[in-house]
Amino acid sequence: PNWSMGKKITIDSATLMNKGLEVIEAHYLFGVDYDNIEIVIHPQSIIHSMVETADSSVIAQLGWPDMRLPIMHCMSYPARNSVSDATWPRLDFTKANNLTFKAPDREKYPAM
């Protein structure tokens, strides 16, 4: 992971077990068939989630590599809480550099 999350979560992230858990989570929380859930590796951790709509558009939640903002959004949904720049600096795309993606290596990470 790109931030400290504790020993167990770090092990889950290093083995990509967390991705398997996230697939199960998406299936049950959103009623999405397993065949319609894809795992994509995004090393920069800027994109926290993506959803492809029926017209093939993709809606993404982006932020610095820190889970506090996505967690706050989940806990306050459907409201959007105001935050200060001191608490959460705005995402600066000129500093975020490249956003890269790759397919997971399912042989190396069988927990997925």
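Me: Where is Pro-43 in the chain?
Reply: Pro-43 sits in the loop between H2 and strand S1 (47–52). Helices here are DSSP runs of H or I with at least four residues, strands are runs of E with at least two, and both are numbered from the N terminus. The model is predicted, so local features need pLDDT of at least 70 and side-chain atom pairs count only at pLDDT 80 or more, while totals for chains, interfaces and linings use all residues. Residues are numbered from 1 along each chain as its sequence is written, and side-chain values use heavy atoms, with hydrogens and water left out.

Me: How accessible is Pro-43?
Reply: Pro-43 is partly exposed, at 41% relative accessibility. Buried means under 20% relative accessible area, exposed means over 50%, and partly exposed lies in between (1.4 Å probe, protein chains only).

Me: And how far is Pro-43 from Leu-99, in sequence and in space?
Reply: The two are 56 residues apart in sequence. In space, the C-alpha of Pro-43 is 8.2 Å from the C-alpha of Leu-99.

Me: What share of the chain is buried?
Reply: Buried residues account for 21% of the 112 residues.

Me: What share of the contacts links residues 24 or more positions apart?
Reply: Among contacts in the chain with a separation of 6 or more, such pairs make up 46%. A contact means heavy atoms within 4.5 Å.

Me: Which residues form the largest nonpolar core?
Reply: This core has five residues: Leu-16, Val-23, Ile-39, Ile-41 and Met-112. A nonpolar core is a set of buried Ala, Val, Leu, Ile, Met, Phe, Trp, Tyr and Cys residues joined through side-chain atoms within 4.5 Å.

Me: What does Leu-16 touch?
Reply: Leaving out residues up to four places away in sequence, Leu-16 touches Ile-41, Tyr-109 and Met-112. Ile-41 and Met-112 are also members of the core with Leu-16.

Me: Different topic. How many salt bridges are there?
Reply: The count is three. The rule asks for a side-chain nitrogen of Lys or Arg within 4 Å of a carboxyl oxygen of Asp or Glu.

Me: Which residue does Lys-19 pair with?
Reply: Lys-19 pairs with Glu-22, and their closest N and O atoms are 3.3 Å apart.

Me: How are Lys-19 and Glu-22 placed in the helix?
Reply: Both belong to helix H2 (residues 17–30). They are three residues apart, so about one helical turn separates them.

Me: What about Arg-68, which residue does its side chain meet in a salt bridge?
Reply: The partner of Arg-68 is Asp-66, at 2.9 Å from N to O. Arg-68 is partly exposed, with a relative accessible area of 44%. Asp-66 counts as partly exposed, at 24%.

Me: Which residue forms a salt bridge with Asp-85?
Reply: Arg-90 does, and the closest N and O atoms of that pair are 3.2 Å apart.

Me: Is Arg-90 buried or exposed?
Reply: Arg-90 counts as exposed, at 54% relative accessibility.
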